[in-house]
Amino acid sequence: LFLLNKPADPLLIEKADNGGLDSRILMREQASLLLEDPDFLTTLVLFHRDWLHLYRLDAQSRDADRFPLFEDHWFELMKQEQELFFTEIFWQGEADFSALLYSPYAWIAPDLRSIYNLPPSQEWERIDFSADESNIRLGILSRPAWITAHSYTASSSPVKRGAWVLEQLLCTDLAPPADVDMEIPPPEEGANTIRDRLNIHSSDPSCAACHDQIDPIGFSFEHYDPIGQWRDLWED
């Protein structure tokens with residue numbers, strides 16, 4: 001179920017009944033055989049899509065005024081880029097968690113090259129961003145798929161991004177009280193940026209309990225705009 005997302009076949013059940021899985025060595029042998037099944041690659045992709053919440057891209061759009069060149073099919077290309085990245089790590093890399101989070105390599109779709117500030121090309125290309133200090137792309141959390149999935153139509157979302165890290169990487173249970181007002185204050189004079197607005201929101205002690213944990217992590221991703229482009233200034 002874990003490796004192929006389906007029940008074991010009769011041969012594997014028979015092998016288990018006859019002691020074929022009674023040791024770690026025997027289990028490893030059978031697991032290695034399961035990895036050769038075509039369904040494993042599908043399971044691997046679906047697992048990471050679910051873990052990273054990339055299914056959110058299926059129902060998203062982007063503000064046409066802010067992103068006039070953006071096209072809806074880019075969402076699917078973002079997922080394909082991400083899938084090439086983690087399947088390469090699994091099959092050809094060190095297949096460890098640090099590579100998933102810190103590898104500077106990325107597969108770039110031709111239509112998405114402008115997001116990375118790359119010159120046009122008609123081919124998919126594997127790019128090493130390790131020497132580009134103005135466009136940092138380390139691991140899955142700096143790629144357009146995850147960044148965009150945890151953004152809004154016209155703005156980024158440090159709350160969504162920070163909450164995902166806390167819940168999915170740090171195993172923190174975020175459960176705000178039922179009576180808490182979850183709305184972030186709108187822009188106003190002296191509080192135009194999301195950092196300013198979240199500071200106002202967190203002045204309520206019942207909000208601060210979560211936001212004191214979420215916001216610092218979320219702010220660390222604010223160099224990426226709602227479609228994953230690198231930026232030095234926050235949007236107006």
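Here is a tour from the whole chain down to single residues.

**Before you click**

This is a predicted model, so to speak of local features takes a pLDDT of at least 70 and side-chain atom pairs count only at pLDDT 80 or more, while totals for chains, interfaces and linings use all residues. Residues are numbered from 1 along each chain as its sequence is written, and side-chain values use heavy atoms, with hydrogens and water left out.

**Stop 1: the whole protein**

Start with everything shown as a cartoon. Trace the chain from the N terminus and the order is α-α-α-α-α-β-β-α-α-α-α. The C-alpha atoms fill a box of roughly 75 × 50 × 30 Å along the principal axes.

Of the 236 residues, 40% count as buried. Buried means under 20% relative accessible area, exposed means over 50%, and partly exposed is in between (1.4 Å probe, protein chains only).

**Stop 2: Asp39**

Select Asp39, which sits in helix α3. Asp39 is partly exposed, at 29% relative accessible area. Which residues does Asp39 touch, not counting those up to four places away in sequence? They are Leu3, Leu4 and Lys6, where contact means heavy atoms within 4.5 Å. Show the side chains of Asp39 and Lys6 too: they make a polar contact at 2.7 Å. That term means a pair of N or O atoms within 3.5 Å; within protein, one must be able to donate a hydrogen and the other to accept it, and residues adjacent in sequence count only if both atoms are side-chain atoms. Asp39 and Lys6 are 33 residues apart in sequence, with their C-alpha atoms 8.9 Å apart.

**Stop 3: two positive phi values**

Next, pick His53, in the loop between α3 (38–51) and α4 (74–92). His53 is not a glycine, yet its phi is positive, about 60°. Is His53 buried or exposed? At 13% relative accessibility, His53 counts as buried.

Then jump to Asn117, in the loop between β1 (105–108) and β2. Phi of Asn117 is also positive, near 60°, but Asn117 is exposed, with a relative accessible area of 69%.

**Stop 4: Asn135**

Move on to Asn135, in the loop between β2 (125–128) and α6 (144–149). Asn135 is buried, with a relative accessible area of 4%. Its side chain reaches the backbone oxygen of Tyr116 at 2.8 Å and makes a polar contact with the side chain of Arg137 at 2.9 Å. Beyond its neighbours within four places in sequence, Asn135 is in contact with Tyr116, Phe129 and Trp230.

**Stop 5: where α7 meets α9**

Finish by colouring α7 (residues 158–169) and α9 (residues 205–219), whose axes come within 7 Å and cross at roughly 105°. That makes α7 roughly perpendicular to α9, a label for angles of 65 to 115 degrees. Among the residues that meet are Val159 and Leu166 in α7, and Ile214 and Phe219 in α9.

How values were computed: Helices (H or I, at least four residues) and strands (E, at least two) are DSSP runs, numbered from the N terminus. Axes are lines fitted to C-alpha atoms, for helices over the stretch in contact, and angles run from 0 to 180 degrees between N-to-C directions. Angles under 35 degrees count as roughly parallel, over 145 as roughly antiparallel, 65 to 115 as roughly perpendicular and the rest as oblique.
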